[in-house]
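This report describes the nonpolar core and the aromatic contacts of the structure shown below.

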Amino acid sequence: MFFLRRHTLPDFPLTFGITLLWVGLLVILPLLALIVRPWQDGTTAILQTLHDTRVFAAFRVSFGCALFAALLDLPLGILLAWTLVRLRPPGYKIINACIDLPFAIPTAVTGITLATLYGPNGWMGKLLAHAGLQVAFTPTGIVIALMFVGLPFLVRTIEPVLQNFPSEIEEAAFLLGATPFQKFYRVILPAILPATLSGFGLAFARCIGEYGSVIFIAGNQPFRSEIAPLLIVMRLQEFDYSGATTIAVLLLLTALVCLGGVSFLRLRVSRGLVMEEVK
């Protein structure tokens, strides 16, 4: 039997059981409750939610802006990680601390700050208004807010890989006549690609469920800048618990499918790199 095997860790069955207990109570049980709740009031509420065009418009805004923000964070995350690891610029510790700032400050503070900065009377908002651009209360504002909260995931995922990547390999590529683009594309990028995909998946998942930093700058206009998490809150305020949990389940399932696709792609890339090294 599995639990009767000898293990190097002391009291392995006990610690394994406690781990399963806590995972069940904190993760599995709430997810099961979320999945079961929409069916308690019958299928009518579920069908109404599935036929609501406003719901799918909110999903389009949430996933579209999350994907666009994560894609824009890719080059920024690689550049910041490279700068912190290889260049160590003046004020390194301050820059390093600022990258973790989205993890520390409340998301509502982020939203209020961005809305004040990019609003019609904000510092950046006035300059952009003169150029005929509006950021606040548009999907563009949502993308900026999501870029802010998603960027640390990419930087912190890529940074350890660059720290462990030997700089001698880069020097050898330079001595062999490789251009900076060739050095990045053929030497650095294959090494950081699995970590980059992991960071992209984490940033994308974080952006999908983001609420506090978005609602203050989004404008929350139905069919234009309304996100799915806000729609869940609105349904709860209307005491439509079946509708709210149905939207939450759809959001959860769609996010899991997207994350599963990213994980599968990362695994394929990692295996491809290993096979190339073997050859």
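## Basis of the report

Residues are called buried at under 20% relative accessible area, exposed at over 50%, and partly exposed in between (1.4 Å probe, protein chains only). The model is predicted: local features need pLDDT of at least 70, side-chain atom pairs count only at pLDDT 80 or more, and totals for chains, interfaces and linings use all residues. Residues are numbered from 1 along each chain as its sequence is written, and side-chain values use heavy atoms, with hydrogens and water left out.

## Nonpolar core

A nonpolar core is a set of buried Ala, Val, Leu, Ile, Met, Phe, Trp, Tyr and Cys residues joined through side-chain atoms within 4.5 Å. The largest one has 52 residues, and Ile142 and Leu146 have the most contacts inside it. Helix H3 gives the most to this core, with 13 residues; helices are DSSP runs (H or I, at least four residues) numbered from the N terminus.

Beyond its neighbours within four places in sequence, Leu146 is in contact (heavy atoms within 4.5 Å) with residues including Cys65, Ala69 and Val214.

## Aromatic pairs

Rings of Phe, Tyr and Trp (its six-membered ring) pair if their centres lie within 6.5 Å; planes under 30 degrees apart are stacked, over 60 edge-to-face, and the rest tilted. There are six aromatic pairs by this rule. Phe59 and Phe63 are stacked, at 6.0 Å centre to centre with 10° between the planes. Both lie in helix H3, four residues apart, so about one helical turn separates them. Phe59 is buried at 9% relative accessibility, and Phe63 is buried at 12%.

Phe239 and Tyr241 form an edge-to-face pair, with 6.4 Å between centres and 75° between planes. Phe239 is exposed at 63%, whereas Tyr241 is partly exposed at 38%.

Terms used
Helices (H or I, at least four residues) and strands (E, at least two) are DSSP runs, numbered from the N terminus.
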